[in-house]
Amino acid sequence: FHTVRAEAEARGQEFRFFTPERDLATHVFNPFSNFASQSRTLLQVCQLILDALGLNHGEGYGRSYFTRQNREALFDALNTDPPPQTFKELNDILKSFRGRPNYPDIFELVSTIHALTQYPQLETIEPVSDPSTSIHMPTVLERRQVVYFWLPAAIESITVREIGKLALFSLLSASIDRQRSGQDTRRTYLCIDEFQRLAGENFRIVLEQARSYGLSCFMANQTQADLKLPEFDLRPTVRTNTRVKMHFGVTDVAEILEISQLSGQEIAVMESWAHMTTKKNNVRESTTSTETLKDRLLVSDILNATDHPRRCILHVTRGSGYSQWAGLPTVVDCFYPISRELYVARSNAAWPVMESIPGTTTSGTDVSDIDRQRNRALVEEQDDALAALFDEADGKLRGVSQD
């Protein structure tokens, strides 16, 4: 955080930051204002919100049913007059839909939106009038701002991960709108640490379209195995849509073998020596050389690079200039961009207080409390739905018995 902030200030760039953490200063961020666009239909806005919140479950038995339920309810809510401008307004409209026969199963959508209303930093309705107090992605691109989202609770919080994906899709949509409106493309660098926490099935859209709209993605995660989740496998998409891969610590056996195979083959000479002594104590020696093929990077080479504190395996596809290594992984030495003393000092520095940065706010709600409320609401909604189903079935059975 402090490194990004210092670099932005040194270059004269405006710095904005967001966090859902309790009692920490933050700028406000309203995804509604980021998704709004003259070139985007209401159905496209609806689909964008569903993708960002992970409520688009795709096709298939059961999945498509809940997707349609979420889409219809959200579309009708956004189509009201006046249309909602914040999550709180959207939540009030969706709550009024409950109990209607055409929205029987929207408890997932309702609980997700309700959880987001618990964050006051998502509830701004004046995103552009004062850009010093808010994060507005079209403004970020126009003014070349530097934006930092601090989401440490994304490790265990579903709601915080949804905030991260809302920011991600807001940036992508702003880049798309800028290009479609004929404005110059702004090269934007998107850095995501532990990105497997945000990666979902819809994350493929970001990777596949980012480069076309000026987005360069830097994504860090622990191992490739993290990208294979029970419901989908993101590894093929990452391999296909990333140009540079850096492996700093390779411990997964499958990943080690994959790198070894990708490294290509080279000729190796195997020599053998024979030493024979005859009955008359005559010594005969012979040497045999045999050429064979071996992987350029053996398992031992990969483990050796992993063991070194400043060494990594660099794999560049479609390289150029000094990085053109025929598309083969190569072991390289790296250097730290800042000194250890500066790293320690910035790591121990405190988060800025609200009074020191005008236009920031704080949240008094703990993230874990929001998740507990959300889970409780989901359980209560499902219990009510089951009770109503059993009551209906019981009534039909009584009617049959009376007949």
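In which kind of crossing, left-handed or right-handed, does helix 5 pass helix 6? The close-ups below, taken from a predicted model, start with that pair.

**View 1. Helix 5 meets helix 6.** The crossing of helix 5 past helix 6 is left-handed. On the helix 5 side, the contact is made by Phe87, Leu90, Asn91, Leu94 and Lys95, and they meet Leu109, Val110, Ile113, His114 and Leu116 of helix 6. Sorted by class, these residues are seven nonpolar, two polar and one charged. The axes of helix 5 (residues 87-97) and helix 6 (residues 107-116) lie 9 Å apart, at an angle of about 150 degrees. The two helices are therefore roughly antiparallel, as angles over 145 degrees count as such.

**View 2. Helix 4 meets helix 5.** Here the axes of helix 4 (residues 63-78) and helix 5 cross at roughly 120 degrees and come within 10 Å. That makes helix 4 oblique to helix 5. Helix 4 passes helix 5 in a right-handed crossing. Look for Ala73, Leu74, Asp76, Ala77 and Leu78 of helix 4 against Leu90, Ile93, Leu94 and Phe97 of helix 5. Eight residues of this contact are nonpolar, none is polar and one is charged.

**View 3. Leu94 and the largest nonpolar core.** This core has 60 residues, and Leu90 and Leu94 touch the most other members. Helix 8 (residues 158-180) supplies the largest share, 10 residues. Beyond its neighbours within four places in sequence, Leu94 is in contact with Ala73, Ala77, Ile106, Leu109, Val110 and Ile113.

**View 4. A separate core.** Another core, of nine residues, lies apart from the largest one. Its members include Phe15, Val146, Tyr148 and Trp351.

Technical notes. Residues numbered from 1 in each chain as written. Predicted model: local features only at pLDDT ≥ 70, side-chain atom pairs only at ≥ 80, totals over all residues. Heavy atoms only, no water. Core = buried A, V, L, I, M, F, W, Y, C linked by side-chain atoms within 4.5 Å. Buried < 20%, exposed > 50% of the residue type's maximum accessible area, 1.4 Å probe, protein only. Helix = DSSP H or I, 4+ residues; strand = E, 2+ residues; numbered from the N terminus. Contact = heavy atoms within 4.5 Å. Axes fitted to C-alpha atoms, helices over the stretch in contact; angles between N-to-C directions. Parallel < 35°, antiparallel > 145°, perpendicular 65-115°, else oblique. Left-handed = near helix turned anticlockwise from the far one by under 90°. Nonpolar A, V, L, I, M, F, W, Y, C, P; charged D, E, K, R; others polar.
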